[in-house]
Amino acid sequence: MDAASASFCGRIREAAEAGQPLRLRGGGTKDFYGGIPDGEILDTRACAGIVSYEPSELVVSVRCGTPLAELESALRANGQMLAFEPPHFGAGATLGGCVAAGLSGPRRAAAGALRDFVLGVRIVDGRGRLLSFGGRVMKNVAGYDVSRLLAGSLGTLGVLVEVSLKVLPRPVAECTLQLEMPQPRAIEAMNRWAGLPLPVSATAWQDGVLAVRLSGAPSALLEAAKRLGGERTEGEATEQFWEGIREQTARFFAGPDPLWRLSVPPAVPPLELAGTQLIEWNGALRWARTSAPPTEVRAAASRVGGYAALFRGADRSAGVFSALSPALARLHRELKAVFDPAGILNRGRLYAEN
Amino acid sequence: MGEALPAAQVNVERQRAVVAALREFLPERSVLWHEEETRPYECDGLTAYRHVPMVVALPDTEQQVQRVLQTCHAMNVPVVPRGAGTGLSGGALPLGDGVLLSMAKFMRVVRIDPVARVAVVQPGVRNAAISDVVAPFGLYYAPDPSSQIACSIGGNVAENSGGVHCLKYGLTVHNVLRVRGYTVDGAPIEFGSEALDTPGYDLLALVIGSEGLLAVITEVTVKLLPKPQCARVIMASFDDVEKAGNAVAAVIAAGILPAGLEMMDKPATHAVEEFVHAGYDLEAVAILLCESDGSPEEVDDEIARMKAVLEASGATRLSVSRDEADRLRFWSGRKAAFGAMGRISPDYYCMDGTIPRKRLGEVLTFIAQMEKKYGLRCPNVFHAGDGNLHPLILFDANDPDQLTRTEQFAAEVLEKCIAVGGTITGEHGVGVEKIDQMCVQFGSEELEVFHAVKRAFDPKGLLNPGKAVPALSRCAEFGRMHVRGGKLPHPELPRF
């Protein structure tokens, strides 16, 4: 066992015996996300570095404290990328925090979610056990898929010591089309195009303009751009635009109203909520800046079979995520008890009892 | 293997009680217990293991499924769910004291939403039938296991099935949005949703590939993709397996993500060529099938790039499909590989290990050594793009010695896969077949976690017991028989 893992094991074992809650933290760039963290900080940043990376295997294994930026530049140097385009939300973002938060960026609807790219994990669970699940190969169905269970679990089940991810080649070319259209037509267009063999890799609608990113062979882009129309940008302008959506530096995300993240079936019509909205993922992700009361926002999502999470800028004490059905809530409690029977890891970060 | 048992002595009183309890709500035709009716269910696609089930239940409705589970739970009767019975790891092997729950009657496509690109189907719907029924909308369901004309989506969910297009389009877990069903006590449960992200832990990922141990699925929402405008495939010949393996790495290193990337060795191409006349190069030591899909312009570009890489990697012959008929012919050999083995050997045993691609040469050399050691032939087909090997050991099950040699051969190959950093199963599941190798792949703490996860869903251990995850006592026993390099696996376990 390496020194960093051993120190996690020791620290967690002591904390579990003492019933001392621990707050797992990398760069702290996602402190705003989820329930209010509780306990002494366990800093993951000492456990850093790319353990193995072989571009022709399309797999990279990374320690949790590795800066996300460092990983992405190593991949970029080999013409590869994390296809789920995870948001950093700050300079210090680490890979461990990225996987624990489970958030994906603009390419998610086309390429898949963060959890789709998780191949294996090494964790230290709440009993201080160093455990290994999954592996470094593309296909692996031996044992339950605990690796993907850990993705997005917000550090409530264990410290992600090391994660193996599938990586993909960067597209040869990209461009962005801007098309003026009102929200209902944009939702309809995004869904229609997603059902056609077009190289659409991201969509974002805001303020009467639908942006569509195309990725792939230059010939395919040319043809699709001709078909879809709109104003076309390339190169740095395209990169900056999608960076603004991914990192939430675009103008929409500024302002005093709370920011809600609504995950809904993609083709549902515009949600009736006060304030403004930005739509991604062919309609499946709707960001709302609204001062509407939480019950109203949650009702707007659940009416259409979706879920609302309070993302930024309001009181988190009443809970951040949509409530689970009693049957799912029971399974969450049971699984928490499997990995963290003392209930010390990131207590309250996901739900009050997780 | 070697567990082809005669019908075990059935506890007749118990059987009568279970049948009576099920008949309270199931019609006569939906409860089978006479041996001539239950015998056809004695095995799945892994025919070397057989058990006649005590009772077979064939419910029609979700409510009946719920009541079967409630009844069995109350009576402490184990339940084994079964889809189309095509599984290759014995995941649906019945229990002599259990109820086999067949989902074969759940054949309905519930809803197709071409705009949101989803289909809601019952678990007994065949994999290929989904793509057929959504084809008028220009859509399809991507995972395509070789058994796709027969296997059902419920079984695909249980096994997290793959296919020949996984590298680009993923496995079942990447293409299913939601499942609905019941836990073992008959409580309704739903994982995932038609929204892409659901709150809380990703239980959908946990349930997919859980081999029927965590829940019984009664409805599945799958993701549909637009059918690519066109696809073409290159067939490349190599005079050396290692060169072919390096060519695969070179294609990927060139930034190309082929829609399909398959390898077959010479014994495999010879076996299938005789059977389907796919036009394979019989001189080649290995052939690669390398597919590109997309718009016609895109495919032309990519095919040109792939050809250049394959040529530079030492391909001795290249041919590109000119039309769809050509393309299907190139693939026909690969898809018929298992059937072809059935023609040249009384039985074959298909392995499913996955390895890092760069270790391919080493593993194939090892398999060749094992052929000599055990005196059995073993052609290889290989999902080269994602490192998933399917070596096929040819044997005659009527010869008990061959059966034993096959079993040992397979065990050595699977353990080699683990040793090079791979896994014992890429897409077929552990079932009963690879349960001992789970003791080699995982430590006892990980296995303990798996058992604890199982208990969270099924405290009494009644749903498909004895599959997928070995009891720790079994690993201790297996370890005793299996000392490697002087080191006992699971040294902390008591021996007996």
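In this predicted model, A:E174 sits across from A:S215, a residue of strand β12 of chain A. The two strands involved, β10 (residues 173-180) and β12 (residues 209-216) of chain A, run antiparallel and are joined by eight bridges. Strands of a sheet pair through backbone hydrogen bonds, in either a parallel or an antiparallel manner.

Eight strands form an open sheet in the order β13-β10-β12-β11-β15-β16-β14-β17, with antiparallel pairing. The edges are taken by β13 (231-234) and β17 of chain A; each has a single partner strand, so one side of each has no neighbour in the sheet. From one strand to the next, the twist averages 20°.

Helices lie across this sheet. Helix α6 of chain A lies across β11 (200-206), β12 and β15 (276-280) of chain A, and runs at about 175° to β11(A). Helix α8 (residues 235-246) of chain A lies across β10, β11, β12, β13 and β15 of chain A, and its direction makes an angle of about 95° with β13(A).

At the level of domains, chain A is divided into domain 1 (3-169 + 331-339), domain 2 (173-246) and domain 3 (255-312). Between domain 1 and domain 2 of chain A, the C-alpha centres are 31 Å apart. Six residues of domain 1 of chain A and seven residues of domain 2 of chain A take part in the contact. On the domain 1 side of that contact in chain A, three residues are nonpolar, one is polar and two are charged.

Turning to the meeting of the two chains, the contact involves 65 residues of chain A and 77 residues of chain B. On the chain A side, at least two residues each come from β7 (130-134), α5 (146-150), β9 (168-169), α6 (183-194), α7 (218-228), β17 (307-312) and α10 (326-339) of chain A. The largest share, seven residues, is supplied by α10(A). The side of chain A that touches chain B is made up of 36 nonpolar, 18 polar and 11 charged residues.

Chain B is divided into five parts: domain 1 (3-102), domain 2 (109-226), domain 3 (230-338), domain 4 (345-433) and domain 5 (436-481). For domain 4 and domain 5 of chain B, the C-alpha centres lie 23 Å apart. Their contact draws on nine residues from domain 4 of chain B and six residues from domain 5 of chain B. Six nonpolar, two polar and one charged residue make up the domain 4 side of this contact in chain B.

From α10(B), the residues B:A268, B:A271, B:V272 and B:F275 meet B:A337, B:G339, B:A340, B:M341, B:R343 and B:I344 of α13(B). By class, the contact of α10(B) with α13(B) holds eight nonpolar residues, one polar and one charged.

B:R343 counts as exposed because 11 C-beta neighbours lie inside 10 Å. Although B:R343 and B:F275 are 68 residues apart in sequence, their C-alpha atoms lie 8.0 Å apart in space.

Methods:
Residues numbered from 1 in each chain as written. Chains lettered and ligands numbered in written order. Predicted model: local features only at pLDDT ≥ 70, side-chain atom pairs only at ≥ 80, totals over all residues. Domains from an automatic or database assignment. Nonpolar A, V, L, I, M, F, W, Y, C, P; charged D, E, K, R; others polar. Helix = DSSP H or I, 4+ residues; strand = E, 2+ residues; numbered from the N terminus. Pairing = 2+ DSSP bridges. Axes fitted to C-alpha atoms, helices over the stretch in contact; angles between N-to-C directions. Buried ≥ 20, exposed ≤ 12 C-beta atoms within 10 Å, placed from the backbone.
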